[in-house]
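Colleague: I am new to this structure and would like a close look at a single part. Could you walk me through the aromatic rings and how they pair?

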Amino acid sequence: MRRLRSVRALATAAVTTVAAAGMAVTGAGSAQAATPLPAHVFAPYFESWTGESPAAMAAESGAKHLTMAFLQTASPGSCTPYWNGDTGLPIAPASFGADIRTIQAAGGDVIPSFGGYTADTTGTEIADSCTDVGQIAAAYEKVITTYDVSRLDMDIEVDALDNAAGIDRRNKAIKLVQEWAAAEGRPLEISYTLPTTTDGLAAGGLAVLRNAVSNGTRVDVVNIMTFDYYDNAAHDMADDTETAAQGLHDQLARLHPDKTSTQLWGMIGVTEMPGVDDFGPAETFTLADATQVYDWAVAKGIDTLSFWALQRDNGGCPGGPAADHCSGIQQNTWDFTHIFSPFTSGTTTPGDDFSVTATPASGSVAAGSSATTTVRTAVTSGDAQQVGLTVSGAPAGVTASLSPTSVTAGGSSTLTLTTTRAAASGTYRISVTGRGASGSHTATYTLTVTGGAGNQCASAPWATATVYTGGQQVSHKGHTWKAKWWTTGEEPGTTGQWGVWQDLGTC
């Protein structure tokens, strides 16, 4: 998977306390009571370089299992892996250990993932970087014993697929680790995450698995990335997932002729990319696609359902391109997670649920005039339910009303925003919340008021050439913003949810 925000590792290092700056990679470590993953597990990727807490995000989203991305060396030629290649985040309890223990105590677990797009293109994927099979195996064992996990993931793509020596070293090292785990009585699974065509693995991915077979290395799960096809073809992303997985099933059948069809489906994982992927709108995975894939995955009995990445599961940038902090489509926060989460049991049908969106999602109005938008609800799983609608966030001088204030999921309402001359010029986020028996969801409408005579913000206006340090506040477009760290030239409102500016609300 693509790691778009590698610079965030610097911010993560600044806020994460670690006990040591490095790690001596050894094969030592006592066997602990690692818990095997469920036979069918939903484990979305978590971008570990953002500075966020995986335990907090797991609890908030409801995703009990996470795939932690990524582990890589700090430079080519090294045999020491770090989280994101950041030497401030060694493989040690001080690096995510407390979060992982919290997730495990809540009945979940994490899957540490080696590699990823950045590592695979810079020679820092550990088996590409390190030429000593024993040291590679020792690094894998260190991760297993430090975090007491029962699965490791190998995300191998782009340049790493062409490194035949690295492929062979990796599989030989995995074989050593599997022998160690068996001797220690420790449960251990290995998954390979690989790019795919719509008809199955391309030659490079298939070569990885063939090499594993030749080395006697057991691959428990082959997880295909069903996005970023880059083939300039028309795509139905859900249908393409099914054909890609069927192609993989048939390829695995030739590699493992002793396995039944059911066992082969049980070796397959699928990772989606919510919303717009890196290729663009032609490859857009929708909520309807997610529901179709969920039903198909349950019926086939595949092993793993995932997506890249948990931080994208929100509608913070509707109509935008692929981003690592939002999906680019209209959705509620955690919509994709809520659809996929029941897969962990392997038998549960998602309960009744709905979504709320505003179309258009933004508008501009001169003070004294009105703006309207359509608030749409939709059934995302199960049956339709009654949804009550409320609105909040309207500033002084702006009156918000909904008609009607209650709909059956699938119905719509009109939000009217009436401004007076006394409204202050600025940009405001108006929230429309739908509440039903299954819970609540919120859509946001961004209203820009021009020509208003109301009170202005108390903080000094943001200036592009000014240097700001952490904690300083500015006003910009009717909002107060607080800098999280040193910055200059970055406009408030453009840096995203995880950027330098924190939106403190309207003023």
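Modeller: Happy to! A residue is called buried when its relative accessible area is under 20%, and exposed when that area is over 50%. Please keep in mind that this is a predicted model.

With that cut-off, phenylalanine 42 is buried, because its relative accessible area is 1%. Phenylalanine 307 is buried as well, with a value of 0%.

These residues bring us to the aromatic pairs, of which the model has 14. In one of them, the ring centres of phenylalanine 42 and phenylalanine 307 are 5.6 Å apart and the planes meet at 45°, so the pair counts as tilted. Phenylalanine 42 belongs to strand E1 (residues 41–42) and phenylalanine 307 to strand E12 (residues 304–307), so this pair links distant parts of the chain, 265 residues apart.

Now look at tryptophan 308, which forms an aromatic pair with phenylalanine 70. This pair is stacked: the centres are 5.6 Å apart, with 15° between the planes. Phenylalanine 70 sits in strand E3 (residues 65–73), while tryptophan 308 is in the loop between E12 and helix H12 (335–340), so the pair ties together parts that lie 238 residues apart in sequence. Both phenylalanine 70 and tryptophan 308 are buried.

Definitions and conventions. Residues are numbered from 1 along each chain as its sequence is written. This is a predicted model: local features need pLDDT of at least 70, side-chain atom pairs count only at pLDDT 80 or more; totals for chains, interfaces and linings use all residues. Side-chain values use heavy atoms; hydrogens and water are left out. Rings of Phe, Tyr and Trp (its six-membered ring) pair if their centres lie within 6.5 Å; planes under 30 degrees apart count as stacked, over 60 as edge-to-face and the rest as tilted. Helices (H or I, at least four residues) and strands (E, at least two) are DSSP runs, numbered from the N terminus. Buried means under 20% relative accessible area, exposed over 50%, partly exposed in between (1.4 Å probe, protein chains only).
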